[in-house]
Amino acid sequence: MAIKTVAVIGAGTMGNGIAHVFAQNGFKVNLVDVYQPQLDKALTVISKNLDRMVAKSSITEENKLTTLQNITTLTSMAAGVRDADLVVEAAIENEEIKLEIFTQLDEVAPQHCILASNTSSISVTKIAAATKRPEQVIGMHFMNPVPVMKLVEVIRGYKTSNEVTNQVIDLSKKLGKVPCVVNDYPGFIANRILMPMINEAIYSLYEGVAGVEEIDTVMKLGMSHPMGPLQLADFIGLDICYSILRVLQNGFRTSKYAPCPLLANMVAANHLGIKTGEGFYKYTAGSKELVVSNRFRPLSPEGGT
Ligand SMILES: NC(=O)c1ccc[n+]([C@@H]2O[C@H](COP(=O)([O-])OP(=O)(O)OC[C@H]3O[C@@H](n4cnc5c(N)ncnc54)[C@H](O)[C@@H]3O)[C@@H](O)[C@H]2O)c1
């Protein structure tokens, strides 16, 4: 069964990138979100990202227009998935919400449709068990920013069929990505290794071992990481990092992965990184300068840690 129409559920950071990449590669995309403003914002972001690609001559103006024409936005999931061959769910990282979405998807998506989740850490096997087609449920874990990052971590749930796995491998290659197949255990591979590093960086800050800039500089210049772990955490979203660490902690039943109390505080204070304008750094629209949040400047009147 050829995959031609793709429904993307959730139009946030990842959903808009996933919609962009499929649309640019000739797929018809139905982008679904519960909030119309998120859909409007997603189209603006996609359009701006395409402009940047046109400016760099990596695509033509015509490619840009075709890509945008390939995307339809909807607030109704049933309407969005009715004619889909593949669904990629990219709603928030919350198990209850994902299970609810997959139960509904199973009812409204065509029988042949593959149901994929972009989850960073939630069990694909558990998500699949919410449907009557677990062999057609798979993890398709794109990286942020989706149009730039080459990897797709393909996660095989306990019952995912070989046929569906092979289809998703081929599809990822058609998108110009490199698929990497892993089994379904907490955090898969990417986040099982990345999140303890980010958590350790936050602990180092919390315990006063070093400041934000120093921690990130050590990892950038010492380990050749393109971004320091604290900047990366802001980029991913601190709420997402927190949720993934909880999944690792609960899944492996060890305190080794327990989120640092500073991370928990920042999430409770809604300092989630780039998406809320402040995390370890402060973000100003239009500026690319990396400015440490006042909260982590010891001499600031707002205080240090
Ligand atoms: N942010 C990252 O760097 C990153 C990387 C890889 C994977 N992921 C995963 O991708 C998924 C999405 O993350 P994000 O960073 O894009 O989150 P986000 O908060 O930016 O966007 C989530 C979107 O889902 C929408 N939504 C919530 N409930 C919905 C529902 N029932 N139906 C349709 N839409 C709904 C919200 O309105 C929002 O627009 C998560 O599972 C996350 O773990 C994130």
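How many helices and strands does the secondary structure of the protein come to? In this predicted model, the protein has twelve helices and ten strands.

The overall dimensions provide a starting point. A compact globule of 305 residues would have a radius of gyration near 19 Å, and the 20 Å of the protein therefore agrees with that expectation. Along the principal axes, the C-alpha atoms fill a box of roughly 60 × 50 × 35 Å. Of the 305 residues, 47% count as buried. The accessible surface comes to about 15000 Å², and carbon and sulfur atoms account for 54% of this area. Among contacts between residues at least 6 apart in sequence, 65% join residues at least 24 apart.

Attention now turns to the sheet. Eight strands form an open sheet with mixed pairing, in the order β3-β2-β1-β4-β5-β6-β7-β8. Its edge strands are β3 (71-74) and β8 (178-183), each of which pairs on one side only. From one strand to the next, the twist averages 25°. Helix α2 (residues 36-55) packs on this sheet, where it touches β2 (28-32) and β3, and its direction makes about 160° with that of β3.

On its other pairing, β5 meets strand β6 (residues 137-142) in the parallel sense over three bridges. Here Leu-115 stands opposite Val-137 in β6. Helix α6 (residues 124-129) takes part in a further right-handed β-α-β unit, together with β5 and β6.

Which way do the side chains of β5 point, and are they buried or exposed? In a regular strand, side chains alternate between the two faces of the sheet. Within β5 (residues 114-117), Ile-114 and Ala-116 point one way, whereas Leu-115 and Ser-117 point the other way. All four of these residues are buried.

Terms used: Residues numbered from 1 in each chain as written. Predicted model: local features only at pLDDT ≥ 70, side-chain atom pairs only at ≥ 80, totals over all residues. Heavy atoms only, no water. Buried < 20%, exposed > 50% of the residue type's maximum accessible area, 1.4 Å probe, protein only. Helix = DSSP H or I, 4+ residues; strand = E, 2+ residues; numbered from the N terminus. Pairing = 2+ DSSP bridges. Right-handed = clockwise from strand over helix to strand, strands pointing away. Axes fitted to C-alpha atoms, helices over the stretch in contact; angles between N-to-C directions. Contact = heavy atoms within 4.5 Å. Rg over C-alpha atoms; globule rule 2.2 N^0.38 Å. Areas by Shrake-Rupley, 256 points an atom, 1.4 Å probe, with all protein chains shown as cover.
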